[in-house]
Amino acid sequence: KMTQQMRDLQLAQARKPPGPSSPNAAKRLYRNLSGKFRVNYTSFDEGSLVGRGEKEKLRKSYLFQSNAALFEAVELQDLDRVQELLKHYSPEELDINTPNSEGLLPLDIAIMTNNAPIARALLQTGAKESPHFVSLESRSLHLSTLVREAEQRVNELMAQVVNEAPNTDCSEKEKQLKAWEWRFRLYKRMKAGFEHARVPDAPSSVHLSVASSSSLQVTFWEPLSVNSAVVTKYKVEWSCSPTFSPLLGEAVIDKLKDLNFTIQGLVSGTAYHVRVSAYNMKGWGPPQASTPPFAIPSNWREYDGRAPRRRGQAEALDHLLGQVKTVHQHCICHEPCKNQPQSRKHSVSKSLKHLFHSGSKFLKTLKRGLYLIAIFYKDDNILVTHEDQIPVVEIDDTYSCLLMQDFLWLTKVSCMWDEILWLRQCVTVSQSSCSCILQTRFKMLLAISQMQGLLGIQDLGQVFFEPIKDKQGNILIVTLKEVKTNQTFESVRWVPICKLQTSRKSVSSPEEPTALDTLLISIQDKLAYHQRSSHALSPGLYLGYLKLCSAVDQIRVLVPEQLPNILCHVKIRSNPNISREEWEWLQKMASVEEPVPTELEADRSQNPLFQELQVAIKELMTLVNIPLQEAKDFRLYSQEVLDFGDQVSFLLLLPPSDDVCTAPGQNNPYTPLSGFLTLPLQIFELGEER
């Protein structure tokens with residue numbers, strides 16, 4: 001039925017007399033697109049099409065109708081319809097930069113009717129002006145021709161309507177006459193818009209900042225004038241001279257979604273002047289010099305020649321691991337497990353015997369002990385065994401050691417799931433030892449191997465930051481992994497999470513739930529934590545707050561729930577680079593005792609970084625629920641800027657030295673509001689690396 005409707009529309013278009021559409025026709029066309037064709041043509045049943053040729057014809061018709069609808073919406077100055085089309089169709093589907101039969105593009109019509117909202121919407125999707133208008137004269141001549149031809153067509157049709165007797169053909173002529181009268185008025189409005197337009201004013205503001213040792217960031221804003229035509233592009237120029245002679249380079253910016261530009265390939269330590277000018281259909285306007293008037297490419301490391309902290313670390317660790325593997329290649333620990341002394345077989349606990357049995361399976365119920373549970377999820381589905389249980393294997397049924405250190409060791413092992421067999425072989429050599437720690441860690445490696453074997457996958461994901469315990473003596477170590485492809489696993493299947501939660505029959509009381517019940521109740525929270533812990537910050541410079549608290553066996557760090565892999569923070573600015581001049585100023589401020597000398601106070605009040613830090617500190621103090629008057633005792637860490645890649649950097653705000661780490665039992669008068677949690681320091685460090 002849908003295919004037939006499209007064929008009927010094509011035939012109707014073919015029978016339609018030549019000439020432009022009327023406003024009513026445009027509305028009908030848009031309604032057709034909205035109601036019938038707002039789907040991808042490939043979603044139709046291909047079996048209903050006669051062949052590939054008809055499918056291609058249908059595709060071309062679909063694209064033609066989308067393009068025509070966009071032209072009609074722009075001509076009618078219907079912003080809502082334009083935005084709707086841009087939302088539902090790609091620029092390629094709309095053929096947004098192909099001229100119509102009059103040699104015009106949608107953007108040409110928008111700017112010559114001075115419809116700024118529609119023009120901006122088109123510009124942000126990549127629309128361009130027609131390349132046929134190479135000069136002001138050519139544009140003026142083209143518009144005059146369109147007006148003249150439209151007026152001539154109106155006069156011809158008017159004469160035919162007046163001279164012919166009323167009939168069907170006359171009624172059709174009247175419709176054409178109305179359409180041409182409407183188009184004649186449109187072309188006159190476009191011509192008047194072009195004639196009354198003037199070149200744009202200078203950009204209202206141009207901000208210059210240091211992006212790196214070899215680049216500068218230029219951010220600019222539209223001209224304030226509302227009388228000139230819509231700006232369609234900008235030009236950035238730079239020079240070592242304040243007179244811009246000679247000019248070292250220029251760049252034309254015609255993608256206006258973000259009004260900024262990075263000048264690359266500059267010389268460190270050299271001052272560069274920058275200016276920006278705007279362009280519309282009448283030409284280039286006057287340039288606007290930047291603020292500050294010049295900038296010097298640099299980086300804070302140049303202050304004392306410091307090398308990046310992590311330079312070569314990954315390569316060094318890989319080399320070290322390779323050396324360790326080489327040493328162990330001929331070690332007795334690589335003998336097969338069957339060559340172990342016969343006396344060891346009797347020391348292996350009963351709970352481990354099934355790991356060596358070919359019929360090993362996932363556990364259905366928990367008894368007192370330590371367990372490994374693997375959660376794999378995709379959208380709202382989770383992997384379960386054929387018995388509708390989350391995959392669980394036993395680590396140890398006689399666990400008696402302190403858990404935290406073994407647990408933190410396991411979180412580090414999660415960074416090398418592919419090396420579990422090698423780690424098992426290395427730990428095996430120490431099995432004669434009576435060390436409880438080595439015994440437990442060997443059993444952890446065995447359990448991981450069993451889970452990997454039963455699932456048929458090596459990567460078990462990320463270890464959740466704390467084990468789940470119950471009063472029956474069960475402890476669950478949980479791994480989480482999001483599956484983004486249609487991956488198949490052995491011995492398991494996908495089920496909706498809500499179905500798993502509702503179908504499981506609890507065997508415990510609400511007052512004392514089992515570890516498995518606790519897991520199912522809180523599984524959505526754990527999945528949310530896992531997803532948030534992989535989120536990355538947007539590029540920029542941030543102010544972070546370092547707050548620790550200690551316990552008997554660990555140190556924990558305060559983090560936001562929404563981004564648990566990063567310290568509590570606020571954004572200072574979008575530019576992550578700290579220039580050498582800014583770092584020198586920070587060092588000077590850090591070495592000054594109160595009260596601040598008058599000359600430094602004046603310098604501080606005019607420094608953009610100081611103003612940005614003031615705003616950020618106030619925001620951060622509010623975020624972590626600390627009175628602003630307490631900020632005078634806080635310190636800015638001035639030893640280094642913490643770089644996380646090339647796009648994110650941190651300055652650290654530290655509490656007074658006695659309050660950086662809260663000891664057990666110590667009262668903290670300023671407890672953060674909701675939305676925070678504390679992670680073991682080792683877990684936090686692993687989250688940063690991920």
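Trainee: How many salt bridges does a search of the whole structure find?

Mentor: Side chains of opposite charge can pair when their charged atoms come close. In this predicted model, the search of the whole structure finds 20 salt bridges. Among the linked residues, Arg-573, Glu-582 and Glu-612 form a network.

Trainee: Which residue forms a salt bridge with Glu-195, and where do the two lie?

Mentor: An α-helix has 3.6 residues a turn, so residues three or four places apart point the same way. Glu-195 pairs with Lys-191, their closest N and O atoms being 2.4 Å apart. Both belong to helix H9 (residues 168–196) and are four residues apart, about one turn of the helix. Glu-195 counts as partly exposed because its relative accessibility is 44%.

Trainee: Which parts does the salt bridge between Asp-643 and Arg-301 tie together?

Mentor: The closest N and O atoms of Asp-643 and Arg-301 are 2.9 Å apart.

Trainee: Where is Phe-489 placed, and which residues does Phe-489 touch?

Mentor: Phe-489 sits in the loop between strand E14 (474–482) and strand E15 (492–496). Leaving aside residues up to four places away in sequence, Phe-489 touches Phe-376, Leu-383, Leu-455, Ile-457, Val-483 and Trp-494. Phe-489 counts as buried because its relative accessibility is 13%.

Methods
Residues are numbered from 1 along each chain as its sequence is written. This is a predicted model: local features need pLDDT of at least 70, side-chain atom pairs count only at pLDDT 80 or more; totals for chains, interfaces and linings use all residues. Side-chain values use heavy atoms; hydrogens and water are left out. Buried means under 20% relative accessible area, exposed over 50%, partly exposed in between (1.4 Å probe, protein chains only). Contact means heavy atoms within 4.5 Å. A salt bridge is a side-chain nitrogen of Lys or Arg within 4 Å of a carboxyl oxygen of Asp or Glu.
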